[in-house]
Amino acid sequence: MPFKTIEAVRSGWDAAAPPATGWTSVTLPDDWTTRWPGFDGVVWYRLTFDRPDAAEPLGLALNYWTLAGSISVNGAELGRDEFLVEPLTRSWNVPRYWQLADPVLHAGTNTLLIRVSGLAPYQPGLGPVLIGPPSATRAHFVQQFWIRRELPVFYLGVTAALGTFFFVVWLLRRSLKAYGWFALMTIAWFCYSLNSW
């Protein structure tokens, strides 16, 4: 389902609600540093949509927010990260899914409000958001979860196995210095890659 409007506004770290004015239209995915360079703080995203059939539930899939956030529909909170101010939760690589029905949704126009806390060096913003039939949005969430959470675990396992293998070979034959350097580089890359998981 398409959204009627997608808007964003920036505010301070401790804001419990978005400001009434200053909203600007955006498209998703959104990196707010293209609009507000160097801005560290909170950006609120307001997405509106029409519920086509008041009897049917809807699925809501969110690819990511960078770095931490909270989400509500029509004033009812669906979820939030533990820390929305520094030290931020840094859950930027976590897709999310909810199934929405009465009494959260109502007939006519509904409003999705997302609060994102971010720091300019980390490309802060909001990723794609899908709303529609639960089966389609759930399938999208499962795909995103595989790409963002499960595939990196497999990759980390392969990296750790290669690093360990070449380290053992280097221990058995110290003259093969390239093996030792490769093992060291692979283990360092493994530690760095833990950040994306």
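Let's start with F166: at 19% relative accessibility it counts as buried, because buried means under 20% relative accessible area, exposed over 50% and partly exposed in between (1.4 Å probe, protein chains only). Before going on, keep in mind that this is a predicted model, in which local features need pLDDT of at least 70, side-chain atom pairs count only at pLDDT 80 or more, and totals for chains, interfaces and linings use all residues. Residues are numbered from 1 along each chain as its sequence is written, and side-chain values use heavy atoms, with hydrogens and water left out.

Now for the rings. A pair of aromatic rings is described by the distance of the centres and the angle of the planes. Here, rings of Phe, Tyr and Trp (its six-membered ring) pair if their centres lie within 6.5 Å; planes under 30 degrees apart count as stacked, over 60 as edge-to-face and the rest as tilted. The structure holds 10 aromatic pairs. In one of them, the ring centres of F166 and Y179 are 5.3 Å apart and the planes sit at 65°, so this pair is edge-to-face. F166 belongs to helix 1 (residues 134-172) and Y179 to helix 2 (residues 177-193), so the pair ties together parts 13 residues apart in sequence. Helices (H or I, at least four residues) and strands (E, at least two) are DSSP runs, numbered from the N terminus. Y179, at 32% relative accessibility, is partly exposed. Both rings also belong to one aromatic cluster, formed by F165, F166, Y179 and F182.

W189 and Y192 make a tilted pair, with 5.3 Å from centre to centre and 35° between the planes. They are three residues apart in helix 2, so about one helical turn separates them. W189 is partly exposed at 39% relative accessibility, while Y192 is exposed at 55%.

Three strands form an open sheet in the order 9-5-12, with antiparallel pairing; two strands pair if DSSP finds at least two bridges between them. Strand 9 (96-100) and strand 12 (129-132) are at the edges with a single partner strand each, so one side of each has no neighbour in the sheet. Five bridges join strand 5 (residues 58-62) to strand 9, and G59 has Q99 in strand 9 as its bridge partner.

Finally, what lies across these strands? Helix 1 does: it lies across strand 5, strand 9 and strand 12, running at about 20° to strand 5. Contact here means heavy atoms within 4.5 Å, and axes are lines fitted to C-alpha atoms, for helices over the stretch in contact, with angles from 0 to 180 degrees between N-to-C directions.
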